[in-house]
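Please look over the model below before reading the points.

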Amino acid sequence: MIDTYEAHTQADFLLEGFLALETPEGFRAQLIEGEIVVTPPPNGDHEHCISEIVRQVYRRSLTDMDFSGHKGLTLEEVPGRPRDHVIPDGTFAPGDLSLYTGAAPWMPCAGVSMVLEVTLSRPDIDRETKRRCYARGRIPRYLLVDRDSSTVTLFSEPEDGDYRRHNLAPFGKPLTLPEPFGFDLETAGFL
């Protein structure tokens, strides 16, 4: 008789447990750098910031963009940990790619132009951990709305697990979104 036992690592078991996890309605579960992170439903101010950005991108972007709120993305693995499974507050991709059409609940991040996060209950995850995840996934732009510091930061040029550049604007001042967006994001509506 042949032994069909397959060796499973701790990372394999963590990923299996994560994928089988059921959360209460409105909560989001993510697997970030080997940690399962569950976040509560966002408040109205959080959603208002997202709406302000989406409205401007649709109206002013040089490239027609598709938007997905809370789309599951799989990112590069950290050695010894399972592949990251993150859910940005927003994901933008050029409309001509039809990136979301037929996509699985957890899709690769190839083709994504920018991800968006608005700080919520654990801002350190958005500021540090997710920033590294998105850079490892080579997502070209990461837009962070930090409600605690009243700033908006655009991270760009991912390299070696982090972003090489960042441009910051306080709420009330515009922040340039380079091509394919090609406009100044107005942030006065975040105040």
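1. A residue is called buried under 20% relative accessible area, exposed over 50%, and partly exposed in between (1.4 Å probe, protein chains only). By that scale Leu14 is partly exposed, because its relative accessibility is 26%. Leu14 sits in helix α1 (residues 10-20); helices are DSSP runs of H or I with at least four residues, strands are runs of E with at least two, and both are numbered from the N terminus.

2. This is a predicted model, in which local features need pLDDT of at least 70 and side-chain atom pairs count only at pLDDT 80 or more, while totals for chains, interfaces and linings use all residues. Residues are numbered from 1 along each chain as its sequence is written, and side-chain values use heavy atoms, with hydrogens and water left out.

3. pLDDT is the predictor's confidence in each residue, from 0 to 100. The protein averages 91, and 96% of the residues score at least 70. Where pLDDT is low, the predicted coordinates should not be read in detail.

4. The open sheet has six strands in the order β3-β6-β8-β9-β10-β11, with mixed pairing; two strands pair if DSSP finds at least two bridges between them. β3 (65-68) and β11 (162-170) are at the edges with a single partner strand each, so one side of each has no neighbour in the sheet. On average, neighbouring strands are turned by 20° against each other, direction ignored.

5. How do β3 and β6 pair? The sense is antiparallel, over four bridges, with β6 covering residues 90-94. Ser68 has Thr91 in β6 as its bridge partner.

6. Helix α2 (residues 44-60) lies across β3, β6, β8 (114-118) and β9 (141-146), and runs at about 165° to β3. Axes are lines fitted to C-alpha atoms, for helices over the stretch in contact, and angles run from 0 to 180 degrees between N-to-C directions. Helix α3 (residues 123-136) also packs on the sheet, where it touches β8, β9, β10 (151-159) and β11, at about 170° to the direction of β9.

7. Beyond neighbours within four places in sequence, Thr153 contacts Tyr142, Leu143, Leu144, His166, Asn167, Leu168 and Leu175.

Notes
Contact = heavy atoms within 4.5 Å.
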